[in-house]
Amino acid sequence: MLFVDAKLTLLTIIPLPILAATIYVVNNLIDKRSDLIQKQVSALSTFIQEAFSGIRVIKAFGRQNDSARTFEKATHEYLKRSMKLTIVNSLFFPAILLLTGISTVVVVYVGGNDVINGTITYGTIVAFIFYLNRLTWPVASLGYVTSMILRAEASQRRINEFLKTKTDIISGKNIQKVLKGHIVFSNVHFTYPDSGIHALKNISFEIKEGSSLAILGSTGSGKSTIANLLCRLYDTTKGEIKIDGTDIKDFNIGNLRGQIGYVPQDVFLFSDTIKNNIAFGGIKLSEEEILRASKEADLYDNIKDFPDKFETILGERGITLSGGQKQRLSIARAIIREPKILILDDCLSAVDTKTENIILENLKRIMKDRTSVVISHRVSSVKLADYILVLEDGEVIERGTHEELMKLGKTYKELYQKQLTEEQKV
Ligand SMILES: Nc1ncnc2c1ncn2[C@@H]1O[C@H](COP(=O)(O)OP(=O)(O)OP(=O)(O)O)[C@@H](O)[C@H]1O
Ligand SMILES: [Mg+2]
């Protein structure tokens, strides 16, 4: 173009940088608006998922209409954001055509004048229009590609955030061994990193191989926190935990957790068969083992009455079972793997005292030669343990055997008597 006519070239390429810049801006706009739409879609799906899984609560509180209204609002927001994107999108190609059109108009107008003046021929104009058409697309692509690179960079940054996140729970020496179950807590302090709550203060205790420890305490006193530390879901803030003389931080994490049977406070079941929910705790378990575990957790009598027995499908999070049945299933899942250390976090709270006693009796047999930690609000659950800790506000306020604590005549005894009279009333 330069060789043919320098002046005309200059005039025709003036709109092209504007074109590239426009495309860049428009693309960024599209990008931002798509991002807003993505966020709204994610908010919508979270809302729907929560509304369906919490449908019983919503209905029980009569909040259906409110819930529907909130959903409607969120959908409207989605509509609004989508419309905004559509408007920008619909301007994209017209804008390109307009700017390339301007160049063509300039060529025809200025070139036309030159032809009239006799400085150039018609052929030059035709050649220019051809050249221009071939030039437009690369320039448009330049803007397009630049914005794509920027978008990719932003996404990659977000992906890297996840890829580069490292867990703080790492193993020092990766020791793998068969546990015996001797647990020692020495001066353990723990502060939850996200809330800054000082949940455990200077906790020390020892559980000998094969013996049982019970932890009693009011709500929020730090009982579950001790269980979390034992499973190494968190690391202590200060102090150390040793199992069989080895610092818990030196164990291979998979190996350690594989030998601990943990019955968490919030039972989590999967929408699968009862059998698979029990066998979840171990690989390749035989029918007999599943049967035995369900009997030991005093669940078999219930399963027997279900039409599909062990093949009964549980609803989402085990919605088709009662609270006590869920807890017992969770216990069966933990004991089937014959763990060296068993942690029961308040897992008998939803069963009556009779069932509680049956399970505790069974557990005493199963846990012979294994270490167990029983966490509870109820004295009836803890009194059989070899050693009892009473926690309050993250501190141990009383410790000893049932007899010793009764003799001491403080918090434990008061609780015992209070709960005993309540039970008698029932
Ligand atoms: N994941 C967490 N993040 C931050 N703080 C937590 C977390 N879990 C518990 N806490 C706080 O730590 C303290 C001890 O909680 P913990 O769950 O150990 O109590 P608990 O004795 O098990 O109570 P409960 O009998 O009600 O189960 C509480 O004040 C609680 O608010
Ligand atoms: Mg708890």
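Start by selecting Asn187, a partly exposed residue with a relative accessible area of 42%. You are looking at a predicted model. Asparagine 187 sits in strand E1, which covers residues 183–191. Check its backbone: phi is positive, about 45°, although the residue is not a glycine. Most residues other than glycine have a negative phi.

**Arginine 232**

Go next to Arg232. Here too phi is positive in a residue other than glycine, with a value near 55°. Arginine 232 is placed in the loop between H6 and E4. Is arginine 232 buried or exposed? It is buried, with a relative accessible area of 1%.

Colour the pair by accessibility. Serine 224 is partly exposed, at 22% relative accessible area. Glutamine 265 is also partly exposed, at 38%.

**Asparagine 255**

Move to Asn255 in helix H7, residues 253–258. Its relative accessibility is 18%, so it counts as buried, the cut-off being under 20%. Show the polar atoms around its side chain. One of them lies 3.2 Å from the backbone nitrogen of lysine 177. The side chain of asparagine 255 also makes a polar contact of 3.3 Å with the side chain of glutamine 259.

Now widen the selection. What does asparagine 255 contact, leaving aside neighbours within four places in sequence? The answer is Ile175, Gln176 and Lys177.

**The largest pocket**

By class, the lining of the largest pocket has 9 nonpolar, 3 polar and 4 charged residues.

**The second largest pocket**

Turn to the second largest pocket, with about 310 Å³ of space. Two elements give two or more residues to its lining: helix H2 (15–53) and helix H5 (122–163). H2 provides the largest share, 6 residues. To display the lining, select Asn28, Asp31, Lys32, Ser34, Asp35, Gln38, Arg151, Ala154, Ser155 and Arg158. How do these residues divide by class? There are 1 nonpolar, 4 polar and 5 charged.

**The enclosed cavities**

The largest cavity has a volume of about 50 Å³. Select Leu229, Tyr234, Asp235, Thr236, Gly239, Glu240, Ile241, Asp247, Ile248 and Lys249 to see what lines it. Which element gives the largest share of this lining? Strand E4 (residues 238–243) does, with 3 residues. The lining of the largest cavity has 4 nonpolar, 2 polar and 4 charged residues.

The second largest cavity contains about 40 Å³ of space. Its lining is made up of Leu344, Asp346, Cys347, Leu348, Ser349, Glu356, Val374, Ile375, Ser376, Arg378 and Ser381. Strand E8 (residues 371–376) contributes the largest share, 3 residues. By class, the lining of the second largest cavity divides into 5 nonpolar, 3 polar and 3 charged.

**Isoleucine 58**

Keep Arg378 selected, as one of the residues lining the second largest cavity. How far apart are isoleucine 58 and arginine 378? They are 320 residues apart in sequence and 31 Å apart in space, C-alpha to C-alpha.

Finish at the isoleucine. Isoleucine 58 is in helix H3, residues 55–60. With 18% relative accessibility, isoleucine 58 counts as buried. Not counting residues up to four places away in sequence, isoleucine 58 touches Ala51, Arg63, Gln64 and Ser67.

Definitions and conventions:
Residues are numbered from 1 along each chain as its sequence is written. Chains are lettered from A and ligands numbered from 1 in the order in which they are written. This is a predicted model: local features need pLDDT of at least 70, side-chain atom pairs count only at pLDDT 80 or more; totals for chains, interfaces and linings use all residues. Side-chain values use heavy atoms; hydrogens and water are left out. Helices (H or I, at least four residues) and strands (E, at least two) are DSSP runs, numbered from the N terminus. Buried means under 20% relative accessible area, exposed over 50%, partly exposed in between (1.4 Å probe, protein chains only). A polar contact is a pair of N or O atoms within 3.5 Å; within protein, one must be able to donate a hydrogen and the other to accept it, and residues adjacent in sequence count only if both atoms are side-chain atoms. Contact means heavy atoms within 4.5 Å. On a 1 Å grid over the protein atoms alone, a cavity is a set of points where a 1.4 Å probe fits but cannot get out, and a pocket is an open set with protein on both sides within 12 Å along at least five of seven lines; lining residues have an atom within 4 Å of a point. Grid points are joined across faces, edges and corners, and a volume is the space filled by probe spheres set on the points. Ala, Val, Leu, Ile, Met, Phe, Trp, Tyr, Cys and Pro count as nonpolar, Asp, Glu, Lys and Arg as charged, and the others, Gly among them, as polar.
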